[in-house]
Amino acid sequence: MLLTLEGLDGSGKSSCIDALRSSTAVPEGAVFTREPTDSWYGEAVRRSIADDRADPLAELFLYTADHAAHLSGTVRPALERGAPVISDRYSDSRFAYQGATLAGAYEFDDPVAFVRGVHEPWTRPPDATIYLDVDPETAAERSGATNKFETTAYLESVQENYERLIEQERERFVRIDASPPEDDVVDQVIEAVGTLL
Ligand code: TYD
């Protein structure tokens, strides 16, 4: 079982992951992981995030390289030995975020479909995805706009892309309203994960 958590920056994902780590809702032996990863590929991604002039297409492929290494080094081995995997961000982040950056920079007819197409032949899609739903203004405010991705305008287009993904695969997504106080959101996420696992 591959379970992923997605949402805009500032949706409270990190607190939910922290709570899940010590929750009895998660079976022993579950693997907690994240994208961007802590590998040197993930390090390259972080360098790109910090570079306001990074080329969006180059950035997509850095994230995608990180995903490939994450799949072969962590996700597939864990799934093969039967361990549940919980990933803080995964391929939907690329579809939504890079779908938005590419829309502004390259003349793709459908940037989200392009990014999906890059993944499709080799990725392992999640079995279930919890989407922490927060409006872009709250997201930008909470995240403190510390990188180029955290502005309201950009997050609005990321949100639109997430909504499109949910529309296309309703059965995979569990939407949780992330606007209430953090403790309430954390409780809901734990409940949802308990049900899914
Ligand atoms: P993340 O590590 O979740 O943020 P934080 O540093 O706040 O914990 O992700 C870093 C940023 O990268 C975040 O703004 C979302 C963005 N991102 C993408 O644009 N594409 C991706 O594929 C991923 C995994 C993250």
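## Terms and model

A residue is buried under 20% relative accessible area, exposed over 50% and partly exposed in between (1.4 Å probe, protein chains only). This is a predicted model, in which local features need pLDDT of at least 70, side-chain atom pairs count only at pLDDT 80 or more, and totals for chains, interfaces and linings use all residues. Residues are numbered from 1 along each chain as its sequence is written, and side-chain values use heavy atoms, without hydrogens and water.

## Tyrosine cluster

The structure has six aromatic pairs (ring centres within 6.5 Å; planes under 30 degrees apart are stacked, over 60 edge-to-face, the rest tilted). Tyr97 and Tyr154 form a tilted pair, with 6.2 Å between centres and 55 degrees between planes. Tyr97 sits in helix H4 (residues 91-105) and Tyr154 in helix H7, so this contact ties together parts 57 residues apart in sequence. Helices are DSSP runs (H or I) of at least four residues. Both Tyr97 and Tyr154 are buried.

Tyr97 also pairs with Tyr162: the centres are 6.3 Å apart and the planes at 85 degrees, so the pair is edge-to-face. Here helix H4 supplies Tyr97 and helix H7 supplies Tyr162, so the pair ties together parts 65 residues apart in sequence. Tyr162 is buried, as is Tyr97. Ring pairs join Tyr97, Tyr154, Tyr162 and Tyr131 into a cluster.

## Negative surface patch

Helix H6 (136-143) and helix H7 (152-168) each contribute at least two residues to the negative patch. Glu141 lies in helix H6. Glu141 counts as exposed because its relative accessibility is 68%.
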